[in-house]
Amino acid sequence: MSKSKLFIMGLSLILLISCSKNNKIEQTYFESMNTFMKVQAYGEHAKEANEAAQKYIGDLERIISATKAESDIYKLNHSENFPVQVNAQALSLIKLALNMSEISDGAFNPCLYPVSSLWGFTKKQYRIPSDEEIAEKLALCDWKKVQITNDGVIMEPGMQFDLGGIGKGFAGDEAAKKMKEFGVRSALLDLGGNIQIIGTKPDGSDWTIGIRNPFGDGTIGILKASNVAVITSAGYERYFVGEDGKKYIHIFDGTTGRPSESDLVSTTAIAPSGTYCDGLSTALYVLGLERSIELWRKQKNFDFILITKDKEVYVTKRIASKFSLDATQGLTSKIVK
Ligand code: AMP
Ligand code: MG
């Protein structure tokens, strides 16, 4: 055999080995931020990348948790003297959260912890508070009073941050960055239903994401997506049924101090940034259909899948061809232009 033939055969073998290594999916399951997480990645160093992602998310939780006494956010929430210095990660997330409050005209409010605690969501000891109690706690929820200075965060004593509406999206963004440092170019991070996608699948095709059915089991349809975050807020995630028989969900309306009662039951935001999508998904839920469409028309830098109480599914035109509604579920879809 000629030298050149041998060389080509050798090269093909190396390519074959490296391809098969890259095409093996590596899956890691763990629990963090009060939810189950699954990270799956392709690449020679996928296993190390997944472990780095898991470690990063665990570390972040210890910094931004509102309930863990050692966290920076807990210390900020329980301080009586300001400014309070917080870790750089926590500070950058606080800034991003407040930015989302600005964008969404306060529908996203990361300072609702006094109110959600009152309703028992922080300790799972649910109850319906009186109007007076709600008014008293709501006075402590004004995100516009927060100031970020060079010396730290300033707010009024009694105010408390809750980054639960944006933290998992931020975790997805940052964990994905860590994974890329390990050469990962194809991965899907499922952080309790908050999806962050790196690249396409190794064969160049889109990943398939199921959109959960807010009215029952299974999914209402699928979305094909690459290189974006796909993040859903929904009333089915956490709620309680009061003595009055009504359902009270974990997403709050900062104007009333009560669980949101908008016309939406599931809001999915799609854009490259997980932080942005997570904040948005919560905001859209509170805003309701009409104001969500208004926000989209103004921003134009994200897409959505919104499901109304009346079983209508609103999908932005840019992703409409990538979304397939399951016709057996009794929902109808509309394209938003
Ligand atoms: P998500 O599932 O991303 O919509 O986040 C819901 C969580 O965000 C809740 O469990 C609360 O911790 C927090 N939250 C509730 N209401 C709001 C709101 N209006 N704005 C920001 N965060 C909120
Ligand atoms: Mg959110």
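Six bridges join strand 2 (residues 35-42) to strand 5 (residues 186-191), and the two run antiparallel; here strands (E, at least two residues) and helices (H or I, at least four residues) are DSSP runs, numbered from the N terminus, and two strands pair if DSSP finds at least two bridges between them. Within this pair, glutamine 40 stands opposite leucine 188 in strand 5.

The model is a predicted one, in which local features need pLDDT of at least 70 and side-chain atom pairs count only at pLDDT 80 or more, while totals for chains, interfaces and linings use all residues. Residues are numbered from 1 along each chain as its sequence is written, chains are lettered from A and ligands numbered from 1 in the order in which they are written, and side-chain values use heavy atoms, with hydrogens and water left out.

**The two sheets**

In general, strands of a sheet pair through backbone hydrogen bonds, either parallel or antiparallel.

Strand 7 and strand 8 (residues 219-225) pair over six bridges, and tryptophan 207 stands opposite alanine 225 in strand 8.

**Around ligand 1**

Of the 16 residues around ligand 1, Asn109, Asp162, Ser233, Phe252 and Thr282 come nearest; a residue counts as near if one of its heavy atoms lies within 4 Å. By class, this shell has six nonpolar, six polar and four charged residues, where Ala, Val, Leu, Ile, Met, Phe, Trp, Tyr, Cys and Pro count as nonpolar, Asp, Glu, Lys and Arg as charged, and the others, Gly among them, as polar. Helix 8 (residues 274-299) gives the largest share of the shell, three residues. The table lists polar contacts, that is, pairs of N or O atoms within 3.5 Å.

| Residue | Part of residue | Atom of ligand 1 | Distance |
|---|---|---|---|
| alanine 107 | backbone | nitrogen | 3.0 Å |
| asparagine 109 | backbone | nitrogen | 2.8 Å |
| aspartate 278 | side chain | oxygen | 2.9 Å |

Taken alone, ligand 1 exposes 500 Å², of which the protein buries 92%; accessible areas come from the Shrake-Rupley method with a 1.4 Å probe.

**Backbone exceptions**

Most residues other than glycine have a negative phi, and most peptide bonds are trans. A cis peptide bond, with omega about 5°, joins phenylalanine 82 and proline 83, and proline 83 is in the loop between helix 3 (72-77) and helix 4 (88-103). Lysine 124 has a positive phi of about 55° although it is not a glycine.

Terms used
A polar contact is a pair of N or O atoms within 3.5 Å; within protein, one must be able to donate a hydrogen and the other to accept it, and residues adjacent in sequence count only if both atoms are side-chain atoms.
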